[in-house]
Amino acid sequence: MTTSPDSADLVVVGSGIVGLGAAYGAVRRGLRVIVVDRADAVTGATIRNFGHLCIGAQTGEARRYADVSRELWLRLSQDAGFWLRESGTLVAARHDDELAVLEAAAGDGGIRMLEADELLRLAPLRREGLLGGARIETDLQTDPRTAAAAIVRHLAALGVEFRFRTAVTALGAGRVETTRGTITCANVVVAVNHDIDQLLPEVAERHGIVRCALDMMRAAVTLRHPLSAPLLTGWSLVRYGRFAGGPESAALRDRLHAERPDLAALDLNQMYTQLPDGSLIIGDSHATAIAPAPFQPEAAFTAFLAEAEALFDMPTPRVLERWQGVYAKGAQEFLIERGEEGALVLAATTGIGMTTGLGLAEENLTAAFGWAPAMEGRS
């Protein structure tokens with residue numbers, strides 16, 4: 001094991017959820033780990049999301065990573081002491097075509113169809129127009145802002161060294177060059193999300209990586225009872241892999257886009273999560289570019305509030321915060337490559353990083369470096 005203060009068995013570049021997953025996997029294998037990040041804390045996509053861990057809506061490779069992530073999230077929440085609940089996910093159906101998508105997906109298990117009355121007991125929605133819905137059984141919910149900070153503290157207690165306010169300038173054979181000096185190392189994981197084009201532009205170009213910017217907001221709301229789980233709508237069903245691939249979803253997409261071209265132009269994912277303080281996260285829109293404009297159109301936020309008021313039985317929400325999230329987007333769901341000088345480059349290149357990132361890192365530590373999975377009895 002490496003012991004020099006400027007050397008490590010593994011250097012992780014980036015402290016987002018994928019980087020934290022790599023550090024967690026390595027330290028549990030008894031390795032010395034240094035995490036390097038140019039910010040002074042976790043500030044990127046890992047804290048700018050719904051806190052929705054949407055395991056049961058994934059398929060294929062994404063579902064495999066999501067299932068691994070689920071166990072790691074449960075374990076970390078206990079060991080690091082942050083809020084997480086086995087909430088499942090609710091889906092509200094207000095049209096027959098939305099019910100058809102849900103029924104087709106429910107045939108594979110893990111999704112329970114709900115009558116309207118049961119859904120109303122779980123979510124404080126307006127009864128008018130509500131036909132029913134479903135519950136995705138395996139899903140989790142956390143507060144991303146408190147979870148990320150708690151994971152950093154926990155990993156530091158396990159021996160991971162965090163070097164914040166330190167930028168990586170180059171990778172070389174057995175070394176990482178930073179703005180605070182050279183770190184020698186046996187292995188490197190690069191997990192910098194959309195900023196892969198800043199450090200390894202050839203890798204980003206090869207995978208067609210661009211940035212997806214999304215608008216979100218948090219509001220104070222008065223509900224007749226709490227929202228018991230994250231809530232998806234028909235706009236969500238045309239996005240997630242388990243729902244979006246069949247003919248039922250194609251029909252739903254055609255109807256949504258024909259009826260509401262304004263919302264389609266925002267690339268809306270109409271969904272909601274309620275935090276422990278009672279506030280409601282509302283969103284989100286999507287716009288793709290190499291360098292998205294920082295200017296957030298008020299039309300998106302106006303649409304968010306109007307759709308929330310039409311769905312929930314509540315008075316007008318009071319907006320507390322608005323923000324822009326940014327994540328890497330590519331042709332595939334994941335970027336996995338042994339890049340420059342043998343570094344393992346990892347990214348979730350759709351908007352499912354929180355759902356899959358821990359599993360993506362855990363599985364690929366073994367695949368890339370030949371490290372056996374960490375023993376389950378260790379923290």
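Are Asp-97 and Arg-255 buried or exposed? Both are buried. The notes below concern a predicted model.

1. **Asp-97 and Arg-255.** Their side chains meet in a salt bridge, 2.8 Å from N to O. This pair links distant parts of the chain. Asp-97 lies in helix H3 (residues 96-106) and Arg-255 in helix H10 (residues 247-259), 158 residues apart.

2. Glu-98 sits in helix H3, 157 residues from Arg-255. Glu-98 counts as buried because its relative accessible area is 3%, under the 20% cut-off.

3. **Asp-6 and Arg-163.** The model has 30 salt bridges. One of them joins Asp-6 to Arg-163, with the closest N and O atoms 3.2 Å apart. Asp-6 is in the segment before strand S1 (7-13), while Arg-163 is in strand S9 (residues 161-163). Asp-6 is partly exposed at 39% relative accessibility. Arg-163 is buried at 16%.

4. **Asp-139.** This residue is in the loop between strand S7 (132-136) and strand S8 (140-142). Asp-139 is buried but has no salt bridge. The nearest side chain of opposite charge, Arg-70, is 6.6 Å away. Beyond its neighbours within four places in sequence, Asp-139 is in contact with residues including His-52, Cys-54, Arg-85 and Thr-89.

5. **Helices H1 and H13.** The axes of H1 (residues 17-28) and H13 (residues 353-369) come within 8 Å and cross at roughly 40°. The crossing is right-handed. By class, the contact has nine nonpolar, four polar and two charged residues. Among them are Ile-17 and Arg-28 in H1, and Met-354 and Glu-362 in H13.

Definitions and conventions
Residues are numbered from 1 along each chain as its sequence is written. This is a predicted model: local features need pLDDT of at least 70, side-chain atom pairs count only at pLDDT 80 or more; totals for chains, interfaces and linings use all residues. Side-chain values use heavy atoms; hydrogens and water are left out. Helices (H or I, at least four residues) and strands (E, at least two) are DSSP runs, numbered from the N terminus. Buried means under 20% relative accessible area, exposed over 50%, partly exposed in between (1.4 Å probe, protein chains only). Lys and Arg count as positive and Asp and Glu as negative; His and the chain ends are not counted. A salt bridge is a side-chain nitrogen of Lys or Arg within 4 Å of a carboxyl oxygen of Asp or Glu. Contact means heavy atoms within 4.5 Å. Axes are lines fitted to C-alpha atoms, for helices over the stretch in contact, and angles run from 0 to 180 degrees between N-to-C directions. A crossing is left-handed if the near helix is turned anticlockwise from the far one by less than a right angle, and right-handed if clockwise. Ala, Val, Leu, Ile, Met, Phe, Trp, Tyr, Cys and Pro count as nonpolar, Asp, Glu, Lys and Arg as charged, and the others, Gly among them, as polar.
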